[in-house]
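Colleague: I would like to go through the labels used for this protein. Please give the cut-off each time a term comes up.

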Amino acid sequence: MTTRPLSIFAPGSTRELGARVAQHVGVALAPLEERDFEDGEHKIRPLACVRDHDAYVIHSLYGEPAASANDKLIRLLFLIGALRDTGAERVTAVTPYLCYARKDARTQPRDPISSRYVAQLVEALGANRVMALEVHNPAAYANALRIQAEHLSTATVFAQALSARLGRDAPVAVVSPDPGGFKRAERLRAALSLRMSGEVSLALVEKRRAHGRAGGDPYLLALSGRRVRLQRQETRRSRLSRFQHARIAPVLLRRGTADQPAFGSGTISGHGCNMRNLGSAARRRCGRRHRVRMAFPERLPRSDR
């Protein structure tokens with residue numbers, strides 16, 4: 001088997017994460033030229049030779065004040081195309097947050113299937129593989145791509161961090177904030193069960209949605225155990241999703257939960273939305289006497305900095 005040279009690129013706001021990945025792998029982060037023009041256009045090009053290299057482009061495609069999801073997507077596409085044009089043997093797009101992945105089915109007549117269109121764009125520019133973290137629907141993600149699709153789960157990392165923080169003997173229940181996260185919650189419950197001495201319970205909080213908006217007070221469908229870990233959504237893009245923990249925390253406290261550490265992966269984005277603000281919102285709803293802690297596992301890249 002031939003071993004090709006490795007190049008890792010990370011444009012824009014993902015550069016810090018890319019540098020940490022490159023350091024862990026033992027290579028230097030490859031240099032890029034990124035230029036913005038007055039008319040809103042931009043240019044991106046690799047400054048290192050990539051001929052016959054395995055090139056990895058790390059870019060988290062979430063929207064933020066400095067760059068929308070669309071801006072980041074087009075930069076990713078242009079960089080993939082530039083790498084193939086300059087002789088890269090293989091190009092892998094690494095997207096900790098993959099934009100438009102939630103729109104994987106038609107819910108109304110003539111609805112677009114945006115996740116499939118993004119997949120077609122990535123394929124057209126010459127990518128050989130896509131890696132994504134905790135997508136909304138892994139099966140739809142894999143089916144949308146005709147190239148190799150790798151889906152990364154955080155269940156094992158979260159289980160390791162939680163068991164270390166809570167102890168093996170702590171009673172634990174994993175709670176999904178809505179039906180869409182139930183399978184992810186089950187994966188975490190299974191991973192936690194291998195590390196905890198007692199049974200790990202599973203619960204679901206109902207969320208009603210009408211005309212594209214979530215509303216109403218959530219209520220718990222099932223819960224056992226006294227200590228609860230809130231299963232996060234993979235995106236937190238809408239206002240209600242970003243403050244899901246703040247809405248659900250009082251429901252869990254009414255059912256007697258002792259502690260509510262909330263872990264997250266991917267991104268928490270939006271004006272004024274970070275882990276500190278999210279924890280403050282939850283504490284305001286629950287009262288100061290209750291413990292509501294927001295944390296990221298140490299081994300995961302923090303994207304709220």
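Modeller: Buried means under 20% relative accessible area, exposed over 50%, and partly exposed in between, using a 1.4 Å probe and protein chains only. This is a predicted model, in which local features need pLDDT of at least 70 and side-chain atom pairs count only at pLDDT 80 or more, while totals for chains, interfaces and linings use all residues. Residues are numbered from 1 along each chain as its sequence is written, and side-chain values use heavy atoms, with hydrogens and water left out.

Colleague: Why is C99 called buried?

Modeller: C99 has a relative accessible area of 3%, which is under 20%, so C99 is buried.

Colleague: What makes C49 buried or exposed?

Modeller: The relative accessible area of C49 is 60%. That is over 50%, so C49 is exposed.

Colleague: Why is L98 called buried?

Modeller: Its relative accessible area is 16%, under 20%, so L98 counts as buried. L98 sits in the loop between β5 and α3, where strands (E, at least two residues) and helices (H or I, at least four) are DSSP runs numbered from the N terminus.

Colleague: Which residues does L98 contact?

Modeller: Beyond its neighbours within four places in sequence, L98 is in contact with L61, A132 and Y141. Contact means heavy atoms within 4.5 Å.
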